[in-house]
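The report below is meant for a reader who is meeting this structure for the first time. Please look through the sequence and the model before reading on.

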Amino acid sequence: MPLHKEKGQPDLRFLISDLTSYLETYLPQTQVSEVYRAYLFGADAHINQKRLSGEPYIYHPIAVAHILATMRMDHKCIIAAMLHDVIEDTPTAKSQLTEQFDEEVAELVDGVTKLTSLDFSSREEAQAASFQKMILAMTKDIRVILIKLADRLHNMRTLGVMRPEKARRIASETLEIYAPIAQRLGISRLRHELEDLAFQAHWPMRYRILREAVVKHHGFHKELTSGTLAAIRGQLMREKIHADVVYREKHLFSVYRKMRDRKVPFSEIADVVGFRIIVDDVDACYRVLGSVHHVYAPRPGRFKDYIAIPKASGYQALHTVLVGPHGGPIEVQIRTKAMDQVAESGVAAHWNYKSGEAGSSTARNSIDWLKNLLDVQKESANPMEFLENVKLDLFPGEVYVFTPKGKIIVLPKGSTIIDFAYAVHSQVGNHCVAARIDQRMVPLKTRLHNGETIEIHTAEKSRPNPRWLDFAVTSKARASIRSYLKNLQRQDAVQLGAQLLASELQLYGGSLEKYGQQVIEELREELGYSEFDDLLADVGLGNRPARLVAKRLADGGTEGDAGSGGEAQPLAAQRVNIRGTEGMVVSYARCCHPIPGDPIIGTFHPGRGIVVHHATCPNISDMRKYPENWVDVAWESSIKGSFPVVLRVEASNQPGVLATVASAIADAGSNIESIRTDDYDGRISVLLVTLSVHDRRHLSRLMKSLRHVPVVNRLTRIIG
Ligand code: MN
C-alpha cells in the first residue's frame with residue numbers, strides 16, 4: 001500500500017504467535033516448529049538487548065521474519081531471518097548456528113552479517129551503483145539479500161525513533177542502494193514501501209504536501225475512475241472473460257520522482273489513471289487487450305508486450321495506454337496471476353512455486369532462476385545490461401575492493417595488493433612500497449577480500465621488485481613487472497641488485513664494504529661470474545635471490561637454504577624515500593628521534609606502519625630477529641619540517657640556568673617541546689631537553705651555540 005501507516009499505529013509489532021500462525025498457512029508443522037526453536041534461540045541470545053524504541057530486541061527479528069513470510073519464503077530463510085543479528089550483535093558464533101541448526105542457516109546469517117558490516121556512509125555517493133553490484137557479487141545465496149532487504153524495511157518502518165539527521169542518512173542510503181536492489185530483483189512491493197518510507201524520512205514536508213494532494217485528487221476523480229472501471233468490467237463480462245480489474249494506486253515517491261526528473265506539474269501525473277487486470281492465463285491477456293481497446297481507443301505507439309519479451313527482472317505483462325472518456329490517459333497493465341506474483345515479489349516469487357516440491361534446494365533454485373532469466377535475456381534487447389547488473393553467484397571469480405576515495409576496483413579472485421596497485425595505475429604499481437587494508441599495514445603479497453579498502457603508498461625512487469612475480473596474479477601486473485625487468489638497463493639492474501643485496505646484508509649487520517674485496521672476489525668466483533656486477537645484475541633481474549647471496553656472504557661458507565621459502569621476505573627491499581607529507585605511513589620512533597641527515601632504518605609494524613629509527617638506536621637490535629619486518633629507508637633530500645630531538649645538557653647549578661639555556665635555544669631558531677631534570681647534585685643540574693630541529697645541520701649549529709653558553713658544561717644528543 002502506498003499510503004502506509006503513520007507513526008504510532010499498532011500493527012508494527014508482530015508476536016511470535018502471529019508469525020507461526022501465518023507460517024502454518026504454507027509451511028508444514030515440523031518446519032514451523034523449527035522456526036519457533038530459532039525464535040527461542042534468538043530471544044535468548046538477545047535477552048538483555050533493547051531496540052532504540054525501548055522494546056525487547058527480539059521483536060525486530062520476528063518482524064523481519066514476518067516480512068519474509070508474507071513473501072512466502074522457505075523455512076530456512078525464515079529461521080535465518082530470526083537469527084540475522086545474532087552474529088553481529090551477540091557473542092554467538094557462526095559455528096554455534098551450524099551446531100544448533102545447520103550449515104545452510106549458518107551461511108545465510110553469516111552472509112547477512114557481512115553485508116551489515118559494509119559501511120556505505122563514508123563513501124562517494126556516485127558509487128551507489130557499484131555498491132549495488134558489490135552487494136550482489138558478495139552474496140552466494142540470494143536469500144541473504146532478501147533478508148537484508150526485509151531487515152532494512154523493518155528498520156525503515158521504525159525509523160521514527162531516530163534523530164532526524166540520522167534518519168535522513170539512512171533514508172538516502174535506502175534510496176540509493178537498497179531500493180534499486182529490490183527493483184533489480186523485481187521485488188516491487190518491497191521496493192515501493194522502502195521508497196515511500198525513505199521519501200517520508202528524507203523530505204517530511206514534501207511528503208506530507210504530496211500525500212494530501214494525492215488524497216484530495218483521488219476523491220475528486222472518484223466518479224471518473226469508477227465510471228471507467230465499470231465500463232471495462234462490463235465489456236469483459238460481455239465477452240465472458242474471467243478477470244480481476246483493480247484501480248492502481250500511485251506510489252508517492254514515484255509521483256515525486258516523475259515531477260522532479262521530468263519537471264512536470266502534479267496535475268499532469270495525477271491525471272493519469274491506472275488499472276491492472278489480472279487473468280487466468282496468457283491467452284486471456286491478449287483477449288483482454290482486444291476488449292479494452294474496444295472500450296477506449298488506444299494511444300498509438302504506447303503498447304508494450306512484456307510477455308513475449310520480459311524485463312530484466314523477469315517482469316511480464318501487457319502495457320497499453322487508452323484515451324479516457326474526458327481525453328485523459330488511462331494506463332492498463334494486463335497479466336496472469338503468476339506474472340502478478342513475479343511483478344510484486346520478483347526473485348522471491350520463485351519460492352512460491354517451489355515450496356510444495358519435495359527436496360528442492362532453494363540455494364540451487366535461485367541460481368536456476370537466474371539462469372532462466374539469462375536464457376530469456378538472450379532474446380531480449382539488452383542482455384549485456386543484465387549480465388552487468390546481476391552478478392550473484394554466477395560470477396564468483398571476482399573480488400570488489402575500494403580505493404581510499406571509495407572508487408570500486410574489480411579484480412580476479414586471489415588478487416593481491418600488487419595487482420590492486422597496478423589496476424589503479426601502472427605508475428602506482430611500479431612505485432608501490434607499502435599498503436594498508438582498512439587502516440592496517442599489510443605486506444604487499446596480501447590477498448584481497450570483498451569490501452576492503454586498500455591504500456597504496458608509493459615512493460618516487462622505488463622500482464618493481466622481481467619477487468612480486470611470486471604473488472601478482474593479474475596479467476596487467478605481471479606484464480608490467482616483467483616488462484620493467486626486461487627493459488632494465490644493465491646499469492639499473494646492477495644498481496637494483498646492489499640495493500637488494502645491501503638490504504639483505506643489513507639483516508646480518510653487514511655491508512659489502514664491511515666484507516671487503518677479498519670475500520667478494522671469492523664469492524664471485526664460487527658462483528661462476530666473470531664480474532661481480534654480473535652477479536648484481538642477476539640479483540636485480542630476479543634470477544638469483546638476494547637473500548641467498550647475502551647469507552653466503554654472512555656465513556662466509558656455502559650458499560644456505562635459509563629464507564628460500566616465500567614466507568619471510570622483507571616487505572620492500574628498495575629504498576623508501578621518506579617525505580614530510582607521508583606522515584601517515586611513516587612515523588618516527590620516539591625512542592631515538594631520528595632527524596633528516598641521520599642514518600636510519602625502518603621497521604614494519606602491522607597496524608602502525610613503518611617506524612623509522614636512528615640506525616644506532618639500541619631498540620632495533622631486538623627487531624633484527626624479524627627480518628621480514630625490515631624496510632630499507634632513506635631521507636628524501638627535499639624533506640622539510642620540524643623533528644624532535646633530545647639533548648642532555650649538563651649545566652652549572654646556579655639561579656636562572658634554565659632561562660639561559662632556553663633563550664640560547666630560541667636564539668638558534670628552535671622550539672623547546674619539553675624539559676625534564678634528570679638528576680642533581682649540588683653543583684651540576686642535568687636537563688633533558690626535547691626540542692625541534694629541521695635537520696642535522698640545524699642541530700649542529702644549535703649545539704655549537706649552546707656550547708658557547710658559559711653555564712653549559714657538557715652537551716650530548718640522546719639516541720634511544
Ligand atoms: Mn537487523
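The buried residues of helix 2 (residues 29-45) pack against helix 1 (16-23), helix 3 (59-70), helix 4 (75-82), helix 5 (86-89) and helix 6 (94-100); here helices (H or I, at least four residues) and strands (E, at least two) are DSSP runs numbered from the N terminus, and contact means heavy atoms within 4.5 Å. In helix 2 the buried residues include Val32, Val35, Ala38, Tyr39, Phe41 and Gly42, where buried means under 20% relative accessible area, exposed means over 50%, and partly exposed lies in between (1.4 Å probe, protein chains only). The model is a predicted one, in which local features need pLDDT of at least 70 and side-chain atom pairs count only at pLDDT 80 or more, while totals for chains, interfaces and linings use all residues. Residues are numbered from 1 along each chain as its sequence is written, and side-chain values use heavy atoms, with hydrogens and water left out.

The spans of two helices can be set beside their expected values, the expected span being 1.5 Å times one less than the number of residues.

| Helix | Number of residues | Expected span | Span between end C-alpha atoms |
|---|---|---|---|
| Helix 2 (29-45) | 17 residues | 24 Å | 24 Å |

Helix 9 is mostly covered, since 14 of its 16 residues are buried. Its axis and that of helix 11 (residues 188-202) come within 10 Å and cross at roughly 35 degrees, with axes taken as lines fitted to C-alpha atoms, for helices over the stretch in contact, and angles running from 0 to 180 degrees between N-to-C directions. At this meeting, Leu149, Arg152, Leu153, Met156 and Arg157 of helix 9 touch Leu190, Glu193, Leu194, Leu197 and Ala198 of helix 11. Sorted by class, the contact of helix 9 with helix 11 has 7 nonpolar, no polar and 3 charged residues, where Ala, Val, Leu, Ile, Met, Phe, Trp, Tyr, Cys and Pro count as nonpolar, Asp, Glu, Lys and Arg as charged, and the others, Gly among them, as polar.

Cys285 lies in helix 16 (residues 282-295) and counts as buried because its relative accessibility is 0%. Which residues does Cys285 contact, leaving aside its neighbours within four places in sequence? They are Val279, Ile307, Leu318, Ile334, Arg335 and Thr336. The C-alpha atom of Cys285 is also separated by 9.7 Å from that of Ile241, 44 residues apart along the chain.

A further open sheet has 3 strands in the order 9-8-10, and its pairing is antiparallel. Strand 9 (440-442) and strand 10 (454-458) stand at the edges with a single partner strand each, so one side of each is left without a neighbour in the sheet. Strand 8 (residues 432-437) pairs with strand 9 over 3 bridges, and the bridge partner of Arg436 is Met441 in strand 9. Helix 21 (residues 417-424) packs on this sheet and touches strand 8, strand 9 and strand 10, its direction making about 80 degrees with that of strand 10.

Strand 18 (residues 684-693) has 10 of its 10 residues buried. Strand 16 (residues 643-652) pairs with strand 18 in the antiparallel sense over 10 bridges, and Ala651 stands opposite Ser685 in strand 18.

Two residues deserve a note on their backbone angles. Most residues other than glycine have a negative phi. Arg72, in the loop between helix 3 and helix 4, has a positive phi of about 55 degrees although it is not a glycine, and Arg72 is partly exposed, with a relative accessible area of 30%. Lys240, in the loop between helix 13 (222-238) and strand 1, likewise has a positive phi of about 55 degrees, and Lys240 is exposed at a relative accessible area of 74%.

Note on methods. Pairing = 2+ DSSP bridges.
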